[in-house]
Amino acid sequence: MTKEIVDAMAMQRALTRITYEIIEKNKGINNLVIVGIKTRGVFIAQRIAERLQQLEDADIPVAELDISNYRDDQRLADQIKVDLGLNIDGKRVILVDDVLFTGRTIRAALDALMDNGRPAVVNLAVLVDRGHRELPIRADFVGKNIPTAASEHIRVNVTEIDGSDSVEIN
């Protein structure tokens with residue numbers, strides 16, 4: 001049985017709070033780059049960048065990161081490196097994903113980032129942290145902590161793909 005646990009308005013508030021926390025922690029937005037992990041992390045990253053633009057009147061570069069070649073459960077013999085299409089050397093990178101679970105997606109994303117350069121700092125922003133870490137990874141910015149059973153599933157819906165904004169559990 002699927003249950004909506006975050007509606008569109010709560011999701012918007014969580015993203016606004018994350019945006020303010022990013023500004024505060026980075027003492028502004030100088031030298032900031034946002035990298036969204038495909039697929040839903042990209043849309044969340046774009047929304048954070050739009051909110052930063054509204055608040056700080058500055059365009060923040062947003063890149064899409066496809067980590068499929070970096071996953072430890074799908075190793076390819078000839079690993080193809082991902083090109084972000086922007087320079088992250090010395091930048092303050094905000095890595096964005098929809099759900100933080102075991103930490104393996106983030107580990108893969110960090111590997112992909114390091115193949116693209118050497119950022120000054122990498123911070124992690126997630127809409128949902130559901131626990132059950134298998135790796136020592138922690139989010140710097142969290143929209144909502146949702147304790148779950150390992151057997152439960154969290155689904156983040158975004159208007160751009162799913163037609164509406166919500167977080168569901170089943």
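On a 1 Å grid over the protein atoms alone, a pocket is an open set of points where a 1.4 Å probe fits, with protein on both sides within 12 Å along at least five of seven lines, and lining residues are those with an atom within 4 Å of a point. Grid points are joined across faces, edges and corners, and a volume is the space filled by probe spheres set on the points. The structure described here is a predicted model, in which local features need pLDDT of at least 70 and side-chain atom pairs count only at pLDDT 80 or more, while totals for chains, interfaces and linings use all residues. Residues are numbered from 1 along each chain as its sequence is written, and side-chain values use heavy atoms, with hydrogens and water left out.

Helices (H or I, at least four residues) and strands (E, at least two) are DSSP runs numbered from the N terminus, and two strands pair if DSSP finds at least two bridges between them. Five strands form an open sheet with parallel pairing, in the order β3-β2-β4-β5-β6. The edges of this sheet are β3 and β6 (141-145), each of which has a single partner strand, so one side of each is left without a neighbour in the sheet. From one strand to the next the twist averages 25°, where axes are lines fitted to C-alpha atoms, for helices over the stretch in contact, and angles run from 0 to 180 degrees between N-to-C directions. Strand β5 (residues 121-129) runs parallel to β6 and is joined to β6 by four bridges, and A125 stands opposite F141 in β6.

Helix α1 packs on this sheet by touching β2, β4, β5 and β6, and its direction makes about 150° with that of β6; contact here means heavy atoms within 4.5 Å. Helix α2 lies across β2, β3, β4 and β5 and runs at about 155° to β2.

An open sheet of three strands is also present, with antiparallel pairing and the order β1-β8-β7. Its edge strands, each pairing on one side only, are β1 (3-6) and β7 (154-157), and the twist averages 35° from one strand to the next. Strand β8 (residues 166-169) runs antiparallel to β1 and is joined to β1 by three bridges, with I169 in β8 as the bridge partner of K3. Helix α1 (residues 8-25) lies across β1, β7 and β8, at about 30° to β1.

The largest pocket holds about 520 Å³ of space. Its lining comprises 27 residues, of which R71, D97, D98, V99 and T105 lie nearest the centre of the pocket. The elements giving two or more residues to this lining are α2 (40-56), β4 (92-100) and α3 (104-116), and the largest share, five residues, comes from α3. By residue type, the lining of the largest pocket divides into nine nonpolar, seven polar and eleven charged residues, where Ala, Val, Leu, Ile, Met, Phe, Trp, Tyr, Cys and Pro count as nonpolar, Asp, Glu, Lys and Arg as charged, and the others, Gly among them, as polar. In an unreviewed entry, UniProt lists residues 93-105 as "short sequence motif: PRPP-binding", although such annotations may be inferred rather than shown by experiment. Over residues 93-105 the chain is 15% helix and 62% strand, with the end C-alpha atoms 16 Å apart.

The second largest pocket holds about 190 Å³ of space. Its lining includes A8, Q12, L15, R47, I48 and D165, and α1 and α2 each supply at least two residues of this lining. The lining of the second largest pocket divides into three nonpolar, four polar and four charged residues.

Two features of the backbone remain to be described. Most residues other than glycine have a negative phi, and most peptide bonds are trans. The peptide bond from K38 to T39 is cis, with omega near 10°, and T39 lies in the loop between β2 (32-37) and α2. D57, a residue other than glycine, has a positive phi, near 55°, and lies in the loop between α2 and β3 (62-65).
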